[in-house]
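Student: I have a model open on my screen and would like to talk it through. Could you walk me through it with a few questions?

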Amino acid sequence: MRSKRLYYWVLHLKAQDGLAVIDQKGVVSYLSIGRWNTLVDLVKRDFRTAKMENYLLPGNEKVTNDSIESTKRVLEQMLDNPSEIDSLRRTINYEVIFGTELQRKVWTYLVDHIPVGTTSSYSEVAKALGVKSARVAGNACGANRIALIIPCHRVLTAQGTINGYRYGKDEKERLLQLEVKK
DNA sequence: CTTAAGTGTCTTT
DNA sequence: AAAGACACTTAAG
């Protein structure tokens with residue numbers, strides 16, 4: 001089987017940077033947020049440690065096309081305006097290439113049941129899915145590799161506080177403020 | 001407020 | 001195969 005070729009693109013914006021992995025048809029399979037100098041190391045580590053035999057480590061060759069450019073523009077809008085994440089998500093294609101069965105089950109739930117402007121808790125997610133414990137749900141959220149598009153930032157503790165976020169608690173708080181404020 | 005116990009899954013060794 | 005990490009919750013001081 002031939003491995004799928006992927007490209008990574010650093011998206012520079014005022015508030016923050018993002019790094020997206022996009023295939024030749026403009027399909028997104030990875031998005032991290034933060035500062036670019038840490039993001040490149042992060043994406044390499046994520047792909048190297050994951051079991052993804054059908055995918056190559058993403059490269060940053062200067063190959064592009066209209067589909068890729070169009071997807072990049074949508075992602076930049078998401079980074080600039082988090083309150084539009086859900087509507088923007090419907091305008092692009094993404095593919096979940098990471099994760100175990102359980103993790104994917106949790107991620108699908110987040111997309112389908114936690115819309116922008118709302119939050120949930122790890123225990124609620126666990127209960128809704130029949131997952132064994134809140135901690136299990138939390139672990140699955142933390143394994144998400146498509147930031148924003150899969151809204152793991154909308155899941156909080158049972159007390160409504162921010163326990164952790166892959167890209168920093170401050171960033172999670174900022175996202176939620178922008179989303180809820182609308 | 002802090003601590004401790006119980007918890008399931010995934011990663012690392 | 002075993003140990004350790006972890007984005008959890010609840011109860012008890």
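Tutor: Happy to! Helices here are DSSP runs of H or I with at least four residues, numbered from the N terminus. Keep in mind that this is a predicted model.

Student: Which helix gives the most to the surface near DNA strand C?

Tutor: Helix 5 and helix 6 (134-142) each supply at least two residues of that surface. Six residues come from the top contributor, and that is helix 6.

Student: Which residue places a polar side-chain atom 2.7 Å from a base nitrogen of DNA strand C?

Tutor: Let's go through the base contacts. Asn139 has a polar side-chain atom 2.9 Å from a base oxygen of DNA strand C, while Arg166 uses a backbone N or O atom, 3.3 Å from a base nitrogen. The side-chain atom 2.7 Å from a base nitrogen belongs to Tyr122.

Student: Are helix 4 and helix 5 roughly parallel or roughly perpendicular to each other?

Tutor: The axes of helix 4 (residues 101-113) and helix 5 (residues 122-129) come within 11 Å and cross at roughly 110 degrees. Angles of 65 to 115 degrees count as roughly perpendicular. The two helices are therefore roughly perpendicular.

Student: Is Ile22 buried or exposed?

Tutor: Ile22 sits in strand 2 (residues 17-23) and touches residues including Leu6, Trp9, Val28 and Leu75. Buried means under 20% relative accessible area. Because its relative accessibility is 0%, Ile22 counts as buried.

Methods. Residues numbered from 1 in each chain as written. Chains lettered and ligands numbered in written order. Predicted model: local features only at pLDDT ≥ 70, side-chain atom pairs only at ≥ 80, totals over all residues. Heavy atoms only, no water. Buried < 20%, exposed > 50% of the residue type's maximum accessible area, 1.4 Å probe, protein only. Contact = heavy atoms within 4.5 Å. Axes fitted to C-alpha atoms, helices over the stretch in contact; angles between N-to-C directions. Parallel < 35°, antiparallel > 145°, perpendicular 65-115°, else oblique. Polar contact = N/O pair within 3.5 Å; in protein donor to acceptor, adjacent residues only side chain to side chain. Lists of a residue's contacts leave out its neighbours within four places in sequence.
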